[in-house]
Amino acid sequence: MNESGRKIRVVVAKPGHDGHDRGAKIIARALRDAGMEVIYTGLHQTPEQIAATVVQEDADAIGLSILSGAHMTQFARVLELLKERGASDIVVFGGGIVPDADIAELERMGVAKIFTPGAPTHEIVDWVKSTLGGRTSQDAAVQQ
């Protein structure tokens, strides 16, 4: 649940021409299994389509999966479009093959977190929950 008491809503998107979506589907499933509402946009989405979906779905966060090497351009454009639509409060995170130097630059641009290949799904779920006001799986384990 987020601060307003409703389920956390996350859009998972694959911008650009990258045709590899197994990781995005795994993350979408992990977030859904953790009790979040997840909207998966499918492959080959433009930043404009992604921003429109995020606003239309009243999402709390968006996770971009980029393996094509176009992460700097794609993240920048999505952030710009969210700002234009008055939705700059939506948490933007992502995953993919991103060099460390680019991660630092993406964070300066406003990307909240980048997960690289091999990141455990529970780590991503816990980060989303803690960032958006929910309990982590570790918190739940302690209470049981």
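How many of the 5 residues of S1 are buried? In this predicted model, the count is 5 of the 5, so strand S1 is largely enclosed by the rest of the structure. Both of its faces are covered: Arg9, Val11 and Ala13 are buried on one side, and Val10 and Val12 are buried on the other.

S1 belongs to an open sheet of 5 strands, and reading across gives the order S2-S1-S3-S4-S5, with parallel pairing. Strand S2 (37–40) and S5 sit at the edges, where each pairs on one side only. On average, neighbouring strands here are turned by 20 degrees against each other, direction ignored. As for what holds such an arrangement together, strands of a sheet pair through backbone hydrogen bonds, either parallel or antiparallel. Between S1 and S2 the pairing is parallel and runs over 4 bridges. Val10 stands opposite Val38 in S2. A helix also comes into the picture: H5 packs on the sheet and touches S1, S4 and S5. The direction of H5 makes about 170 degrees with that of S4.

Leaving out residues up to four places away in sequence, Ile62 touches Val11, Ile50, Val54, Ile90, Val91, Val92 and Phe93.

Setting aside neighbours within four places in sequence, Ala76 is in contact with His71 and Met109. From Ala76 to Gly86 the step is 10 residues in sequence and 16 Å in space, C-alpha to C-alpha.

The aromatic residues deserve a paragraph of their own. A pair of aromatic rings is described by the distance of the centres and the angle of the planes. The model has 3 aromatic pairs. One of them joins Phe93 and Phe115 in an edge-to-face arrangement, with 6.5 Å from centre to centre and 90 degrees between the planes. This pair links distant parts of the chain, since Phe93 is in strand S4 (residues 91–96) and Phe115 in strand S5 (residues 113–115), 22 residues apart. Phe93 counts as buried because its relative accessibility is 4%, and Phe115 counts as buried because its value is 5%; the cut-off for buried is under 20%. Phe115 also pairs with Trp127, again edge-to-face, at 5.8 Å centre to centre and 75 degrees between the planes. Here too the pair links distant parts of the chain: Phe115 belongs to S5 and Trp127 to helix H5 (residues 121–131), 12 residues apart. Both Phe115 and Trp127 are buried. Taken together, Phe93, Phe115 and Trp127 form one aromatic cluster.

Finally, the backbone has a couple of spots worth a look. Most residues other than glycine have a negative phi, and most peptide bonds are trans. His44, in the loop between S2 and H2, has a positive phi near 60 degrees. Its relative accessibility is 44%, so His44 counts as partly exposed. Asp58 lies in the loop between H2 and S3, and its phi is also positive, near 50 degrees. With 49% relative accessibility, Asp58 counts as partly exposed.

Conventions:
Residues numbered from 1 in each chain as written. Predicted model: local features only at pLDDT ≥ 70, side-chain atom pairs only at ≥ 80, totals over all residues. Heavy atoms only, no water. Contact = heavy atoms within 4.5 Å. Phe/Tyr/Trp six-rings, centres within 6.5 Å; stacked < 30°, edge-to-face > 60°. Helix = DSSP H or I, 4+ residues; strand = E, 2+ residues; numbered from the N terminus. Buried < 20%, exposed > 50% of the residue type's maximum accessible area, 1.4 Å probe, protein only. Pairing = 2+ DSSP bridges. Axes fitted to C-alpha atoms, helices over the stretch in contact; angles between N-to-C directions.
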